[in-house]
Amino acid sequence: MLSLGLNYGDRSAIAVGAPYIMKEFHFDTVTWGIILGAFSFGYAPFCFVGGWTSDKFGPRKIMALACVWWSILTALTVVGFNFLTFFLQRLLFGFGEGPQGSVTTKTLGSWFPQRELGSAIGIANASTALGALSQHL
């Protein structure tokens with residue numbers, strides 16, 4: 001559950017820097033929206049890829065790989081210098097964020113009996129709000 005909170009905090013952290021990035025690189029709101037939208041094109045397919053690879057290689061390995069990937073891509077935000085580099089960074093960042101939901105569900109499915117699984121998944125998903133809250137502390 002901690003990884004889900006961290007996952008969402010990393011995902012939303014760009015909102016803190018957005019006004020500064022937009023100003024420095026002269027991005028208007030439409031351009032910035034396209035950059036941020038790139039995340040979804042990486043994220044959506046990797047929700048499925050994460051589930052498949054979690055079944056094939058185990059959720060622990062996939063979660064670790066995803067955490068390393070999204071951490072590297074978060075750090076690489078600082079090397080962006082134009083539209084294309086920011087777009088690609090957000091796209092690739094989505095690859096690392098995508099697997100989290102399916103990997104978490106797979107993990108919890110292994111840990112909890114079926115009658116408690118819904119509550120466990122609900123609590124885990126509620127932790128994503130804590131990641132968003134971290135941006136306001």
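**View 1. His 26 in the loop between helix 2 and helix 3.** In this predicted model, His 26 lies in the loop that connects helix 2 with helix 3. The phi angle of His 26 is near 60 degrees, a positive value in a residue that is not glycine. His 26 counts as exposed because its relative accessibility is 71%, and the cut-off for that class is over 50%.

**View 2. The contacts of Phe 27.** Leaving aside residues up to four places away in sequence, Phe 27 touches Ile 21, Met 22, Trp 32, Ile 35, Asn 82, Phe 83 and Phe 86. Phe 27 is also a member of the largest nonpolar core of the chain, which is the subject of the next view.

**View 3. The largest nonpolar core.** Eight residues make up this core, namely Ile 14, Ala 18, Ile 21, Met 22, Phe 27, Trp 32, Ile 35 and Phe 86. Helix 2 (14-25) and helix 3 (29-57) each supply at least two residues of the core, and the largest share, four residues, comes from helix 2. In soluble globular proteins, nonpolar side chains tend to be buried together.

**View 4. Gly 118 in helix 7.** Gly 118 has its place in helix 7, which spans residues 114-133. With a relative accessibility of 54%, Gly 118 counts as exposed, since the class begins over 50%. Gly 118 and Ala 64 are 54 residues apart along the chain, and their C-alpha atoms are separated by 24 Å.

**View 5. The whole chain, as a setting for the close-up views.** The chain has seven helices and zero strands, so that the pattern read along the sequence is α-α-α-α-α-α-α. Taken along the principal axes, the C-alpha atoms fill a box of roughly 55 × 30 × 20 Å. The radius of gyration of the chain is 16 Å, which agrees with the value near 14 Å that a compact globule of 137 residues would have. Of the 137 residues, 35% count as buried, and among contacts between residues at least 6 apart in sequence, 76% join residues at least 24 apart.

Key. Residues are numbered from 1 along each chain as its sequence is written. This is a predicted model: local features need pLDDT of at least 70, side-chain atom pairs count only at pLDDT 80 or more; totals for chains, interfaces and linings use all residues. Side-chain values use heavy atoms; hydrogens and water are left out. The radius of gyration is taken over C-alpha atoms; the globule rule is 2.2 Å times the number of residues to the power 0.38. Buried means under 20% relative accessible area, exposed over 50%, partly exposed in between (1.4 Å probe, protein chains only). Contact means heavy atoms within 4.5 Å. A nonpolar core is a set of buried Ala, Val, Leu, Ile, Met, Phe, Trp, Tyr and Cys residues joined through side-chain atoms within 4.5 Å.
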